[in-house]
Amino acid sequence: MMNPLQACAVVAQQRPEDSVLVATMSSMNVLDRLDAEIADTIRAPRATRISSVPLMGGAAGLGTGIALSHPQRKVIVMDGDASLLLELSGLVSVVTAGPRNLLHIVVRNGTQFNGLANLRAPAPDFDFASGARSAGYAHVESIEDATEWAQRFPLLLAMQGPVFVELRVQPLPQRAEEGFEQTEMPDIQFERMGLETQALQAWLAQQGA
């Protein structure tokens, strides 16, 4: 089974330069790390990424809105399993809107506060791929092997959407043990969604779209 770094690295390294990436939960944090570690290999500018925070459960809706507004661009959503469970009706909303340029990825690690307290996610046996298929997504897959994911990503991105992929990944190591003290969340964590939206708007204006 792949780890979160492998899952996110495929998207960070292979997504088209003019695509838009919406990320939430664990993927958001891993992508932050990748931005710092492999910045030279990421072709897409940072302005084309929005972090869906503190809008837990809103990533698919946010991505759908962007996809409908800019149908000529690929929009990729990296959702979380616990996050998507809060807005399962969003699967139907995505299909009803029908954005053909949307790739919706749910990173299933079975935990909440992944990499911190690693609380067990609710409904641990829920099959997200089956849910998306029942909702009517144009194409649905479930992948857990890192090599397969790297090979399938460009093919999935080329399909007419909305496309849904359930990535089964290992949770990050738990850090919250006896004596652990959580540092205070910086203000930027609560402001970043607005700041990144402004950066995306400016970038789109420069691109003339």
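Which residues does Arg192 touch, not counting residues up to four places away in sequence? Select Arg192 in this predicted model and show its surroundings: Met28, Asp32, Arg46, Arg49, Ser51 and Val53 are the ones in touch. Arg192 sits in helix α8, which spans residues 188–207, and it counts as buried, with 7% relative accessibility.

Now put some distances on screen. Start with Ser51, whose side chain makes a 2.9 Å polar contact with that of Arg192. Next pick Asp32: its salt bridge to Arg192 has the closest N and O atoms 3.0 Å apart. Asp32 belongs to helix α2 and Arg192 to helix α8, so this pair ties together parts that are 160 residues apart in sequence. Asp32 itself is partly exposed, at 26% relative accessibility.

Glu196 is buried at 10% relative accessibility.

The whole structure has 7 salt bridges. For another of them, jump to Arg73 and Asp18, with their closest N and O atoms 3.9 Å apart. Arg73 is in the loop between α3 (59–69) and β3, while Asp18 is in the loop between α1 and β1, so the pair links parts 55 residues apart in sequence. Arg73 is buried at 6% relative accessibility; Asp18 is partly exposed, at 36%.

Time for the nonpolar side. In soluble globular proteins, nonpolar side chains tend to be buried together. Here, the largest nonpolar core has 28 residues, and Met78, Ile105, Trp149 and Leu167 touch the most other members. Among the elements giving it two or more residues are β3 (75–80), β4 (102–108) and β8 (163–168), but α1 gives the most, with 6 residues.

Centre on Met78. Outside four places in sequence, its contacts include Ala7, Cys8, Val11, Leu31, Ile105 and Val107. For a second, separate core of 26 residues, select Val75, Phe128, Ala132 and Val140, which are among its members.

Last stop: Ala150, in helix α7. Beyond its neighbours within four places in sequence, Ala150 is in contact with Val10 and Gln14.

Note on methods:
Residues numbered from 1 in each chain as written. Predicted model: local features only at pLDDT ≥ 70, side-chain atom pairs only at ≥ 80, totals over all residues. Heavy atoms only, no water. Core = buried A, V, L, I, M, F, W, Y, C linked by side-chain atoms within 4.5 Å. Buried < 20%, exposed > 50% of the residue type's maximum accessible area, 1.4 Å probe, protein only. Helix = DSSP H or I, 4+ residues; strand = E, 2+ residues; numbered from the N terminus. Contact = heavy atoms within 4.5 Å. Polar contact = N/O pair within 3.5 Å; in protein donor to acceptor, adjacent residues only side chain to side chain. Salt bridge = Lys/Arg side-chain N within 4 Å of Asp/Glu carboxyl O.
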